[in-house]
Amino acid sequence: MPDDDATLARRAAGGDRRALEGLLDRHADRVHAICRRIVGDPDDALDATQEALIAVTRGIGRFDGRSAFTTWLYRVATNAALD
């Protein structure tokens, strides 16, 4: 059984690259869908998706687990799309 998001996020924050890759792979389509809904343009949505995934990679240590990982991810993706 694959690890849940909270476990992967905790491991990723501790430097586990495979855990981070697992999270990014698991949620890349969701991030892209969020960005596509916000920006409309397919090319801009791809750029925003890439920026969001980079932001997750750089900021995973700031995810504190008080909310679901997907809630935090939605905010990161939204912010990337709005920027």
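Select His27 to begin: this residue sits in helix H2, which spans residues 17–39. Helices here are DSSP runs of H or I with at least four residues, strands are E runs of at least two, and both are numbered from the N terminus. What you have open is a predicted model, in which local features need pLDDT of at least 70 and side-chain atom pairs count only at pLDDT 80 or more, while totals for chains, interfaces and linings use all residues. Residues are numbered from 1 along each chain as its sequence is written, and side-chain values use heavy atoms, leaving out hydrogens and water.

Stay on His27 for a moment. Is His27 buried or exposed? It is buried, with a relative accessible area of 6%; buried means under 20%, exposed over 50% and partly exposed in between, using a 1.4 Å probe and protein chains only. Now show its neighbours: leaving aside residues up to four places away in sequence, His27 touches Asp5, Phe69, Thr70 and Leu73, where contact means heavy atoms within 4.5 Å.

Next, select Asp41. Asp41 caps the N-terminal end of helix H3, with a side-chain oxygen 3.2 Å from the backbone nitrogen of Asp43.

From there, follow H3 itself, residues 42–59. Its 18 residues reach 25 Å from first C-alpha to last, close to the 26 Å expected at 1.5 Å a residue; that expected span is 1.5 Å times one less than the number of residues.

Colour Ala45, Ala48, Thr49, Ala52, Val56 and Gly59, the buried residues of H3. Looking down the helix axis, you will find them within an arc of 110 degrees, so they line one face of H3; the arc is that of the directions from the axis to the C-beta atoms.

Finally, zoom out. The protein has four helices and zero strands. Its radius of gyration is 12 Å, close to the 12 Å that the globule rule gives for 83 residues, so it is as compact as a globular protein of that length. That radius is taken over C-alpha atoms, and the rule is 2.2 Å times the number of residues to the power 0.38. Buried residues make up 36% of the 83, and the C-alpha atoms fill a box of roughly 35 × 25 × 20 Å along the principal axes.

How values were computed. A polar contact is a pair of N or O atoms within 3.5 Å; within protein, one must be able to donate a hydrogen and the other to accept it, and residues adjacent in sequence count only if both atoms are side-chain atoms.
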